[in-house]
Amino acid sequence: MPGLKGVFAAMGWHGSGIAMASISGEKVAGLIMGKLQQSDLPLPLQRPFARFPMPALRKLYLQGAYWWYGWQDR
């Protein structure tokens, strides 16, 4: 976690839980034990998550996405 030395987190699987959680746990354990460096991880995992643009509108974005993809599924 940026700015929190010694604090690690694995998250963000969005429905791909068990396999990705297991692999993420293995990678975090490697980081904690010093067997892996952050540069050993895939590029998207080497940097913090991007901030959500205009967070006050997040619920509206999500509702729009639900409607759009629901319509696409018909």
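Good morning. Residues are numbered from 1 along each chain as its sequence is written, and side-chain values use heavy atoms, with hydrogens and water left out. Because the model is predicted, local features need pLDDT of at least 70 and side-chain atom pairs count only at pLDDT 80 or more, while totals for chains, interfaces and linings use all residues.

I begin with the aromatic rings. A pair of aromatic rings is described by the distance of the centres and the angle of the planes. Rings of Phe, Tyr and Trp (its six-membered ring) pair if their centres lie within 6.5 Å; planes under 30 degrees apart count as stacked, over 60 as edge-to-face, and the rest as tilted. How many aromatic pairs does a search of the whole structure find? The search finds 2. One is formed by Phe52 and Tyr61, a tilted pair with 5.4 Å centre to centre and 45° between the planes. In Trp68 and Trp71, the ring centres are 5.5 Å apart and the planes lie at 35°, so this pair is tilted.

Trp68 and Trp71 are 3 residues apart in helix α2 (residues 58–73), so about one helical turn separates them. Helices here are DSSP runs (H or I, at least four residues), numbered from the N terminus.

Next, accessibility. A residue is buried under 20% relative accessible area, exposed over 50%, and partly exposed in between (1.4 Å probe, protein chains only). Phe52, at 35%, is partly exposed, and Tyr61, at 32%, is partly exposed. Trp68 is partly exposed at 46%, whereas Trp71 is exposed at 55%.

Phe52 has a further neighbour: Arg58 lies over the face of its ring, 5.0 Å from the ring centre. The criterion is that NZ of Lys or CZ of Arg is within 6 Å of the ring centre and within 35 degrees of the ring normal.

I turn now to Ser24, in helix α1 (residues 17–33). Is Ser24 buried or exposed? At 16% relative accessibility, Ser24 is buried. Setting aside neighbours within four places in sequence, Ser24 is in contact (heavy atoms within 4.5 Å) with Ala10 and Trp13.

Finally, consider Met1 and Met11. Met1 lies in the segment before α1 and is partly exposed at 44%. Met11 is also found in the segment before α1 and is partly exposed at 47%. The C-alpha atoms of Met11 and Gly25, 14 residues apart along the chain, are separated by 9.8 Å.

Key. Helices (H or I, at least four residues) and strands (E, at least two) are DSSP runs, numbered from the N terminus.
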